[in-house]
Amino acid sequence: MTTTPGAGLGAMIRTWRDRLPPSAAALPVGRARRAAGLRREELAELAGVSVDYIVRLEQGRATTPSAQVVASLARALQLSAAERDHLYRLAHLIPPADGAVSDHIPPGVHRVLSRLGDVAVAVFAADWRLIWWNHSWAALLGDPSSSAPQLRNFARDRFPVDAGPARLAGWPVTEVDRDATDAAVVSDLRRATGRFPHDARLAGLVRVLSAGNQRFAELWASGTVAAHREDHKTIEHPSVGPVTVDCEC
């Protein structure tokens, strides 16, 4: 079996890395920079993997990354939907099916995000899983990268099923109307089940929260359908004190 030169997994990752300018990923561009695209270290940071793993992927010494790693690489490299699917196939994985909750961020959205400067921004999937955040967001709320991706979920933090710490905010956050925010998050999840009725991840989240959190179960039983659009929060930052912010979804 032969492989077309330059068409394998490692070669394509290198090609996509070389074409993405640092400015598109909101990274500084230094004068001493020789490469027009991302450095391996920068891709590793954006994707949440080690530099050594990026090296092994590009050199062909690692050929079967997990679906989670592939999804992270696709977001970091700002691939189109077709390119993302190609990356999955090169990794011997089935691309995400149509009708499933998507963790993909289109390149156009990435370009908008990179132009927001110091504004704290995070991107959530339809099931409230956190899939991307910038340095300002981490500075404001704490860096969630130490938590497993499946646990970086606003609904899980909002309606905990165990005594573990929050996985998104590193310090206390309060809202003007907590009950309204609770109801809005549950309603938004119900709306998502209408858009993605066969998504196993979303169904599993609703099942876990319904069984493990009485507040969620009560709100879910109410049957309200709506969307979470805006909120006003105060963050008890350990270094600068209370920070009041307006949140837009």
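I call a residue buried under 20% relative accessible area, exposed over 50%, and partly exposed in between, using a 1.4 Å probe and protein chains only. Helices (H or I, at least four residues) and strands (E, at least two) are DSSP runs, numbered from the N terminus. The model is predicted, so I kept to its cut-offs: local features need pLDDT of at least 70, side-chain atom pairs count only at pLDDT 80 or more, and totals for chains, interfaces and linings use all residues. Residues are numbered from 1 along each chain as its sequence is written, and side-chain values use heavy atoms, with hydrogens and water left out.

**Entry 1. Helix α4**

I looked up how covered α4 is. It is mostly covered, with 8 of its 10 residues buried. The buried residues are Val69, Val70, Ala71, Ser72, Leu73, Ala74, Arg75 and Ala76. I took contact to mean heavy atoms within 4.5 Å. The buried residues of α4 pack against α1, α2, α3, α5, α6 and β2. After α4 comes Gln78, with a positive phi near 55 degrees.

**Entry 2. Helix α1**

Which residues of α1 are buried? In this helix, residues 9-19, they are Leu9, Gly10, Met12, Ile13, Trp16 and Arg17. They lie on the same side of α1, because they cover an arc of only 165 degrees around the axis. The arc is taken from the directions from the helix axis to the C-beta atoms.

**Entry 3. Helices α9 and α10**

I checked the crossing of α9 (residues 178-195) and α10 (residues 200-212). Their axes come within 10 Å and cross at roughly 145 degrees. Axes here are lines fitted to C-alpha atoms, for helices over the stretch in contact, and angles run from 0 to 180 degrees between N-to-C directions. The crossing of α9 and α10 is left-handed, that is, the near helix is turned anticlockwise from the far one by less than a right angle. On α9 the contact is made by Leu189, Ala192 and Thr193, and on α10 by Leu202, Leu205, Val206 and Leu209. By class, I note 6 nonpolar residues, 1 polar and no charged ones. Ala, Val, Leu, Ile, Met, Phe, Trp, Tyr, Cys and Pro count as nonpolar, Asp, Glu, Lys and Arg as charged, and the others, Gly among them, as polar.

**Entry 4. Salt bridges**

How many salt bridges does a search of the whole structure find? The search finds 16, where a salt bridge is a side-chain nitrogen of Lys or Arg within 4 Å of a carboxyl oxygen of Asp or Glu.

- Arg39 and Glu42 meet through their side chains at 3.6 Å, N to O. Arg39 is partly exposed at 37% relative accessible area, whereas Glu42 is buried at 12%.
- Asp52 bridges to Arg56, with the closest N and O atoms 3.0 Å apart. Both lie in α3, 4 residues apart, about one turn of the helix. Asp52 is partly exposed at 45%, and Arg56 is partly exposed at 26%.
- Arg167 and Asp162 form a bridge at 4.0 Å, N to O. Asp162 is partly exposed at 42%.
- Arg158, Glu175, Arg178, Asp179, Asp182 and Arg215 are linked in a network of salt bridges.

**Entry 5. Asn213**

I placed Asn213 in the loop between α10 and α11 (214-222). Is Asn213 buried or exposed? With 11% relative accessibility, Asn213 counts as buried. Leaving out residues up to four places away in sequence, Asn213 touches Phe159, Pro160 and Val161. Its C-alpha atom is separated by 17 Å from that of Arg152, 61 residues apart along the chain.

**Entry 6. Positive phi**

As background, most residues other than glycine have a negative phi. I noted two further exceptions.

- His92 has a positive phi near 60 degrees. His92 sits in the loop between α5 and α6 (107-114) and is exposed, at 63% relative accessible area.
- Trp128 has a positive phi of about 70 degrees and is not a glycine. Trp128 is in the loop between β1 (122-124) and β2 (130-133) and is buried, at 7%.
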